[in-house]
Amino acid sequence: MENHHHEEPFRINSPEFDILNKKLERRNFLVKTSLGLGALAIGSLFGAQKLLGSGAAATSEGAASLEEKVLKALPHIAPKAKRVVYLFMAGGPSQFETFDYKPKLVSMAGQNLPDSVRKGQRLTGMSANQSSLPVVPSIYGFNQHGKSGTWVSELMPYTAKVVDELCMIKSIYSEAINHDPAITFFQTGNQLPGRPSIGSWVSYGLGTDNQNLPSFIVLVSKNGSKDQPLYARLWGNGFLPSKHQGVQFRSGKDPVLFLNNPEGYDGADRKEMLDYLAKLNQLQNEPYGDPEVDARIAQYEMAFRMQTSVPEVMDTAGEPDEIFELYGPDSRDSGTYAANCILARKLLEKDVKFVQLYHQGWDNHGGLPKGIAHQCKNTDQATAALIMDLKRRGLLDDTLVVWGGEFGRTVYSQGKLTAEDYGRDHHPRCFTMWMAGAGVKPGISFGETDDFSYNILKDPVHVHDFQATLMHLMGVDHEQLTYKFQGRRFRLTDVHGHVVKSILT
């Protein structure tokens, strides 16, 4: 979808003011060409794709100044990561059944959560009226793995094999306690919809290294439970130019909607049509200087190039059997999480800047033992395989891999507690994520929670801190990458966020 937040230029439509109008048009021409020549000069020094926002990335309130373009054209920090793959586990995975081992809970099973632990923190409407909040330990075992001795649940035997590559962060926290605001917060830096997504900020800030594919691509597992919906705005561009929105690749014969030629058209017809369309758009653009027209032209041209590049990258038939065995049996089934992990690796090989995989189904309010076991089975092998595959291809050194959801789960059981069954409610005050690859220390656990995984004891990491750290690894100072919209300069982290330097190499 395209945004139309620009303002019409001042123009007086009457014969008496023709001379004035011509002066205004002349002024507009001089401004545009001066900026354009400056941009070309800078482009010759730094490369066209490093001009963040060249052409279509001008602000919605007029073309960005040359100084702003140069500021954004240079990496603020020496980048460690060239690309990101973000494995988003939508629904909120339980830290108790995955990575945050709490053995002392066994002796407290069934007892009410102490007030001294809860400290009056709010509950969701789903468990606020329970007569008690009984503590429930995980029924699954934990073991230490790797040289790092990292504790991992028996539900994740494959991830356990790669723990020495992971930087486990056990002290992530958020203010959002319900799914929609929580996932929106992680993806856009704000709980309310409408802001640009994190992938769009990366695209806007760093441009692209592949002219034939979008810089921000989204994949959604077809084998994830649809307990919580996903919205396209989670990978939307917000008020940034529309060329920076995430493009969803789907399984099936039409991986990108409306990309294929209509019936009866061939490539030559399509190219001729696009050439004429570009001329019409340029005619519209000349008197107004609307950056969204530039974005529209660029999107049509990209779509034409993608007609060749997308089928090539989506075709996994040429992958050797060994790859499918590595990623697991589901990897031969297009659209599954495992198949999407293979596709993500191929996109990263093509230098796509930001690849995001969404896997739904982690919202286990009831029947958690069975539900989370199913989710881990669907994702564990392929996640570990992606780490191993990237490493042996030499890509992990400059690729950042992120795994996590929008919040964690409560130590107490939601609903009826039995010896073999229980549920857990939302818990934003502490939960676990991990990073791997470019620029992060491997084989460490950072942050510490209390015996109930209810409060953070050491090294808290807020959502904005996580976002600031990701941008830092990409070579971007999160405080400097801004976009002026409706009179205010916005950024991904709003007015918050600190880089977590202790986890960086």
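Student: Exposed means over 50% relative accessible area, buried under 20%, and partly exposed in between (1.4 Å probe, protein chains only). Lys104: buried or exposed?

Tutor: Lys104 counts as exposed, at 55% relative accessibility. This is a predicted model, where local features need pLDDT of at least 70 and side-chain atom pairs count only at pLDDT 80 or more, while totals for chains, interfaces and linings use all residues. Residues are numbered from 1 along each chain as its sequence is written, and side-chain values use heavy atoms, leaving out hydrogens and water.

Student: What does Lys104 form a salt bridge with?

Tutor: Asp451, with the closest N and O atoms 3.7 Å apart; a salt bridge puts a side-chain nitrogen of Lys or Arg within 4 Å of a carboxyl oxygen of Asp or Glu. The two are 347 residues apart, Lys104 lying in the loop between β1 and α3 and Asp451 in the loop between β13 and β14. Helices (H or I, at least four residues) and strands (E, at least two) are DSSP runs numbered from the N terminus. Asp451 is partly exposed at 39%.

Student: OK, Arg424. Which residue is its salt-bridge partner?

Tutor: Glu97, at 3.0 Å between the closest N and O atoms. Arg424 sits in strand β10, and Glu97 is 327 residues away in the loop between β1 and α3.

Student: And the accessibility of Arg424 and Glu97? What are the values?

Tutor: Arg424 has 0% relative accessibility, so it counts as buried. Glu97 is buried too, with a relative accessible area of 0%.

Student: How many salt bridges does the structure hold?

Tutor: 21.
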